Amino acid sequence: MASGSSSPSVPMTPLLKDELDIVIPTIRNLDFLEMWRPFFEPYHLIIVQDGDPSKTINVPEGFDYELYNRNDINRILGPKASCISFKDSACRCFGYVISKKKYIYTIDDDCFVAKDPSGKEINALEQHIKNLLCPSTPFFFNTLYDPYRDGADFVRGYPFSLREGAPTAVSHGLWLNIPDYDAPTQLVKPLERNSRYVDAVLTVPKGTLFPMCGMNLAFDRELIGAAMYFGLMGDGQPIGRYDDMWAGWCMKVICDHLGLGVKTGLPYIWHSKASNPFVNLKKEYKGIYWQEELIPFFQTATLPKECTTVQKCYLELAKQVKAKLGKVDEYFNKLADAMVTWIEAWDELNPSEKAATAAAGKPNGTAKGK
């Protein structure tokens with residue numbers, strides 16, 4: 001494990017400076033951090049190096065970071081390292097399990113700072129933090145979107161009994177330039193770029209699934225971290241590019257059960273390069289076929305009331321994956337086993353969370369960050 005640090009030169013104390021880790025999966029030098037320096041330098045970075053562990057990854061001077069490669073993952077997790085994907089961005093969830101902070105922000109290394117319509121650079125991390133620190137409204141839709149933002153409120157007819165909202169577990173950000181398309185859409189719209197900036201944050205309603213993208217994502221690790229497992233994808237697996245969406249579907253079912261909220265919308269980042277649609281199609285092919293079974297499974301999944309923690313919910317979901325999706329393909333039996341291994345690894349590295357995350361959204365807390 002490599003590490004480096006330096007004193008940040010930022011005048012005012014950034015939000016949640018000592019309570020948030022930034023997790024970055026990568027196979028290359030992290031020159032993109034230079035653009036993010038004004039926003040990321042005060043925070044601790046957890047870099048998960050995918051691919052060849054003998055390759056040296058360069059991190060710009062001045063950042064406080066830990067860098068873990070596959071050898072570190074194997075050393076720290078032992079046999080449980082089998083649940084961490086290889087040669088896939090799903091390796092990032094190793095950063096989630098070893099973090100000791102309350103919040104996580106994860107970003108891909110091809111994502112740059114975007115500008116709002118006035119030309120001002122967007123501090124994506126700050127907006128995510130604001131999303132996480134104010135409630136969500138999963139139980140009743142507010143037509144002015146997020147009622148807690150400046151200049152907005154609950155509209156006429158919104159039940160007063162629901163205006164306190166629910167704790168926000170996940171903040172899902174969006175992207176300008178290269179949209180997050182699947183391979184078939186990439187192939188038919190190769191030149192399409194997203195230039196539409198929508199100044200809105202909204203809560204994904206209870207009972208509604210969405211395709212979660214991991215390239216610009218933040219979450220309350222104490223509230224929902226154990227459910228943010230990106231599955232078994234990439235090397236040696238029959239599927240790729242479904243890691244974040246799998247995590248999103250599992251997470252949303254659990255959030256709905258525990259009364260937690262998920263926000264989507266602001267902030268935007270600038271997604272700089274489109275991946276190869278033919279390579280993507282090979283990775284996604286089975287997922288595109290399987291998702292017609294996966295979505296109905298998650299839409300109808302229910303959790304018993306005895307499931308009062310994220311871990312209990314997740315283990316129950318793993319059991320249902322094996323029972324119902326195992327007949328779709330043997331891969332889902334393997335995935336369900338990996339889900340169980342993930343929870344075992346989580347509890348081993350986060351012993352104070354073993355019985356945490358009660359339905360009321362009042363976790364016992366974790367050990368303080370490094």
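Predicted model: local features only at pLDDT ≥ 70, side-chain atom pairs only at ≥ 80, totals over all residues.
User: OK. And α7 itself, how far apart are its end C-alpha atoms?
Analyst: They are 23 Å apart. The helix covers residues 243–258, and at 1.5 Å a residue its 16 residues should span 22 Å, so the two values agree.

User: Is α7 buried or exposed?
Analyst: Buried for the most part: 15 of its 16 residues are, so the rest of the structure largely encloses it.

User: Let me zoom out. How many helices and strands does the chain have?
Analyst: The secondary structure comes to 10 helices and 10 strands. The radius of gyration is 20 Å, close to the 21 Å from the globule rule for 370 residues, so the chain is as compact as a globular protein of that length. Along the principal axes, the C-alpha trace spans about 55 × 50 × 50 Å.

User: What share of the residues counts as buried?
Analyst: 55% of the 370.

User: Switching to strands. How many residues of β5 are buried?
Analyst: Five of the five, residues 103–107, so β5 is largely enclosed by the rest of the structure.

User: Which way do its side chains point?
Analyst: Y103, Y105 and I107 go one way, while I104 and T106 go the other, and all are buried. In a regular strand, side chains alternate between the two faces of the sheet.

User: Which strands are joined to β5, then?
Analyst: β2 (residues 20–26) is joined to β5 by four bridges and runs parallel to it. β9 (residues 216–220) is joined to β5 by five bridges, and that pair is antiparallel.

User: What does the side chain of D220 meet in a salt bridge?
Analyst: K102, at 3.0 Å from N to O. D220 sits in β9 and K102 in the loop between α3 and β5, so the pair ties together parts that are 118 residues apart in sequence.

User: Buried or exposed, for D220?
Analyst: D220 is buried, with a relative accessible area of 4%. K102 counts as partly exposed at 21%.

User: How many salt bridges does the count come to?
Analyst: It comes to 17. Salt bridges with shared partners also join E34, R37 and E41 into one network.

User: What about R75, which residue is its partner?
Analyst: R75 forms a salt bridge with D72, with the closest N and O atoms 2.9 Å apart. Both lie in α2 (residues 70–77), three residues apart, which is about one turn of the helix. An α-helix has 3.6 residues a turn, so residues three or four places apart point the same way. As for exposure, R75 counts as exposed at 54% relative accessibility, whereas D72 is buried at 6%.

User: And K17, what does it pair with?
Analyst: K17 forms a salt bridge with D18, and the closest N and O atoms are 3.4 Å apart. K17 is partly exposed at 28% relative accessible area, and D18 is exposed at 57%.

User: Last topic, the surface. Which residues form a nonpolar patch there?
Analyst: L187, V188 and F278, with about 320 Å² of accessible area together. F278 is in helix α8, residues 277–300, and is exposed, with a relative accessible area of 60%.

How values were computed
Residues numbered from 1 in each chain as written. Heavy atoms only, no water. Patch = residues over 30% accessible without salt bridge, like charges linked within 9 Å, V, L, I, M, F, W, Y side chains within 5 Å. Areas by Shrake-Rupley, 256 points an atom, 1.4 Å probe, with all protein chains shown as cover. Salt bridge = Lys/Arg side-chain N within 4 Å of Asp/Glu carboxyl O. Helix = DSSP H or I, 4+ residues; strand = E, 2+ residues; numbered from the N terminus. Buried < 20%, exposed > 50% of the residue type's maximum accessible area, 1.4 Å probe, protein only. Pairing = 2+ DSSP bridges. Expected span 1.5 Å × (residues − 1). Rg over C-alpha atoms; globule rule 2.2 N^0.38 Å.
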